[in-house]
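Work through the exercises below with the sequence and the model open. Try each task before reading its solution.

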Amino acid sequence: MRTADSTVEDSSTPLNSIEQGGARRGKHRKPMPAATPRGNNCASRKKLLITILCVVVILAILVVAGYLIAQLIQSKYFFCSKSLKFIPLENACDGKADCAGGEDESSCVSHFTSNTTFPVRLATNLSVLQVYNATENNWRSVCTDGWTVKHTVTACQQLGYSVNPKQMTVLLKDLSSDLKRFFSVVGPDAMKPISSSVSNQKTCSSGSVVSLSCSDCGPPGHDSRIVGGGSAFIENWPWQVSLQQNGQHSCGGSVLSPKWIITAAHCFTGRAEVSRWRVVAGSTYMTSLGGYAVDKIIVNGQYNKQLNDYDLAMMRLTTPLTIQATVKPVCLTPHDLGLNGGASLVITGWGHLQENGQLSSNLQEANINLINSAQCSVIYGAGITSRMICAGSLQGKVDACQGDSGGPLVYLNDRWTLVGVVSWGVGCARPGLPGVYSNVDPMLNWVYTVMEQMS
C-alpha cells in the first residue's frame, strides 16, 4: 500500500505503457526548472522578517512616544477644539472663558444643593415604601390596598433604577410604631408618580403595607473575610469601580445604575475638568483599559472642605455600563436601616496597603465593624457630624487608606447595601483612630434628587 509520504521514482515510462522500457515517439519531457538554492531562500526570509520586526518596533516606539507626549500635554494644558489652541490647565474651569464659546467652562464639576424633600423613599430593613406629605410634613407608609404591578414599576422608576422590580407585603403587626402612624393609598392611575397619586388614610383595610425591591442590585457573593485585608475578586464586589484622572487611579466609587456612580466629593478638589476623568469597571486588577467617559460630575452643594462634611458626589457616564457578572449596582441603603455598633461591614478598594505605601494592583477586601456614634464622637469630638459614621477596629490593623477614597462601605441585608463612602481618617489603621465614612442615609434625599433631575 502507498502511504502519504511515499516517493515516486522519476521515470520516462508512462505508468500505462504496454511495453516496459519503451518510450512513446513524439513525446518529450519538459525540462525541469533549475532548483533555487535553499540557502538563498532562508536568507531572503530572514531579511524580510528582520525588516518587518524593525518596522513594528519603530511603530510601537512612535505610538508609545506619542501617547506619553499626549499625556504630558494633557496634564499641563486644556485643548480648545473649536479655536484649535491650548490654554494652561489652571485656566480651565476658573470662571472665565478662555476658549471660543466658553468651551473650557462648559465641562466642569458642578455643585448641586437639594432644597426640596424627595417624595418617595424605602424605610428600615423591611424596605417599606413611604411617600412624603408636604402639607403635614410627615412620611406615610403606602398600603397594599389597590396596589398593582404597574404601581411597582412606576415607584421603582421614580427611585432611579428599575430592573426586575418586585413587591412584597408587610403586615401591620410587623411594623415599628414609626411606620404605622400615617398611611396612604394609591389611586387607580398607575402611570402617575406615586407621590402625586396617593390619598391619606388612617389605617390600611388590607392590613398590610408595600415593600419594594427595585432592581438586581447588591447580589450576595461569597461570605467574605485596604490595610489588613485580603485579595478579592470583582465578581464578588461588582459595583466597585476605579475613578481615574488622566489614566491614573485617584479614587474608588460604586455603581448605582448603568449611568450613575456615587463617590466622595473630596475626590474632585482642585480637579474640575470633567473630560479628564474615566470610570473603569469590571476588573479585579488595576488597569486603565476600557474606561467609560464621564459627562457630568455633581458635588454635594453643602460639601465643606475644611470639615469634610457632606462628602458625597455623583458621576454621570456618557454611555451606560453593560450590566454583567462583573458589573452590577449596589443597593442604596433604606432610610433608618437601624445598624448598631459592632455591625459587620465590608470595605473594598485598590488603595495603599499601608500608610504612605503604594496602591494595590489587586482589588482588596476587609471586614470591619461599625463603631457607635457616641464612641465615634468621643474619639474625634466636634469633627463628627450626622453625615459621618466611624468604622474599623480600635486596635488598628484594618482600615481604608489613600486611594480608597470614595469607595463603598457595605452591609449584607439580604443584599449588599451601601451604607457609607470612604471619606477621611488620621493615617491608616492607627490604633484608636478608626476610619470615617460619609453616612449615606441622611443624604439619600440629595442622591435621589440628582438622579431624577439630571438623568
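**Exercise 1: a disulfide**

The sulfur atoms of Cys 251 and Cys 267 lie 2.1 Å apart and form a disulfide (a pair of cysteine sulfur atoms within 2.5 Å). This is a predicted model: local features need pLDDT of at least 70, side-chain atom pairs count only at pLDDT 80 or more, and totals for chains, interfaces and linings use all residues. Residues are numbered from 1 along each chain as its sequence is written, and side-chain values use heavy atoms, with hydrogens and water left out.

Task: find the handedness of the link between Cys 251 and Cys 267.

Solution. Start with the torsion about the S-S bond: about -105°. The disulfide is therefore left-handed. Cys 251 is in strand β13 (residues 248-257), and Cys 267 is in the loop between β14 (260-263) and β15, 16 residues apart. Strands here are DSSP runs of E, at least two residues, and helices are runs of H or I, at least four, numbered from the N terminus.

**Exercise 2: a second pair**

Task: state which elements hold Cys 376 and Cys 390.

Solution. Cys 376 and Cys 390 form a disulfide, with sulfur atoms 1.9 Å apart. Cys 376 lies in helix α3 (residues 373-380) and Cys 390 in strand β21 (residues 388-392). The torsion is about 50°, so this disulfide is right-handed.

**Exercise 3: burial**

Task: is Ser 211 buried or exposed?

Solution. Apply the cut-offs: buried is under 20% relative accessible area, exposed over 50%, partly exposed in between (1.4 Å probe, protein chains only). Ser 211 has 4%, so Ser 211 is buried. Ser 211 sits in strand β10 (residues 208-213).
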